[in-house]
Amino acid sequence: MRRGWRRRCPSCGAGPAFSGYLKVRPACPACGEDLHHQRADDGPAYLTILLVGHLMAPVLHVSFVAFEPDPLILATILCLAFGGLSLWLLPRIKGAFVALQWAKRMHGFGEGRPAGAGVDG
């Protein structure tokens, strides 16, 4: 899952897993591992919203109580922080989802291969 977090191929860790911001490559350019089997769907977006919401809620509360800023300024700053953190986390969480599916041999990963073959970390 660490390789997925780094947006790398879960098999070799050398090739990039994404061809765009969130588009998973059909195969790894370094080792040739098929990545088209992945089915991340809405999982990464849901987990990103959950994590960012739980991180930003205490920040909202503490900053509003401690500093008493104008609500419009606070909303602007927190919206930018929420958006930036979400954009940073989303591809990393999607990479981890793809790596988890690869490691557990879900959705067609590892077909025609003995269980455990090629899994090195």
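## Salt bridge

R39 and D41 form a salt bridge in this predicted model, with 3.4 Å between the closest N and O atoms; the term requires a side-chain nitrogen of Lys or Arg within 4 Å of a carboxyl oxygen of Asp or Glu. A search of the whole structure finds 1 such salt bridge.

The two partners fall into separate accessibility classes. R39 counts as partly exposed at 49% relative accessibility, whereas D41 is exposed, its relative accessible area being 56%. Buried here means under 20% relative accessible area, exposed over 50%, and partly exposed in between, with a 1.4 Å probe and protein chains only.

## Basis of the model

This is a predicted model in which local features need pLDDT of at least 70 and side-chain atom pairs count only at pLDDT 80 or more, while totals for chains, interfaces and linings use all residues. Residues are numbered from 1 along each chain as its sequence is written, and side-chain values use heavy atoms, with hydrogens and water left out.

## Aromatic pair

A pair of aromatic rings is described by the distance of the centres and the angle of the planes. Rings of Phe, Tyr and Trp (its six-membered ring) pair if their centres lie within 6.5 Å; planes under 30 degrees apart count as stacked, over 60 as edge-to-face and the rest as tilted. By this rule the count comes to 1 aromatic pair. The ring centres of W5 and W88 are 6.0 Å apart and the planes stand at 80°, so the pair is edge-to-face.

This pair links distant parts of the chain, 83 residues apart: W5 belongs to helix α1 (residues 2-5) and W88 to helix α3 (residues 71-103). Helices are DSSP runs (H or I, at least four residues), numbered from the N terminus.

## Charge over a ring

R105 lies over the face of W102, at 4.7 Å from the ring centre. A charge sits over a ring if NZ of Lys or CZ of Arg is within 6 Å of the ring centre and within 35 degrees of the ring normal.

## Buried positions

S86 lies in helix α3 and is buried, with a relative accessible area of 15%. Leaving aside residues up to four places away in sequence, S86 touches Y21, T48 and V52, where contact means heavy atoms within 4.5 Å.

E33 is found in the loop between α1 and α2 (43-67). At 8% relative accessibility, E33 counts as buried. The C-alpha atoms of E33 and G15 are separated by 9.8 Å, the two residues being 18 residues apart along the chain.

Note on methods
Helices (H or I, at least four residues) and strands (E, at least two) are DSSP runs, numbered from the N terminus.
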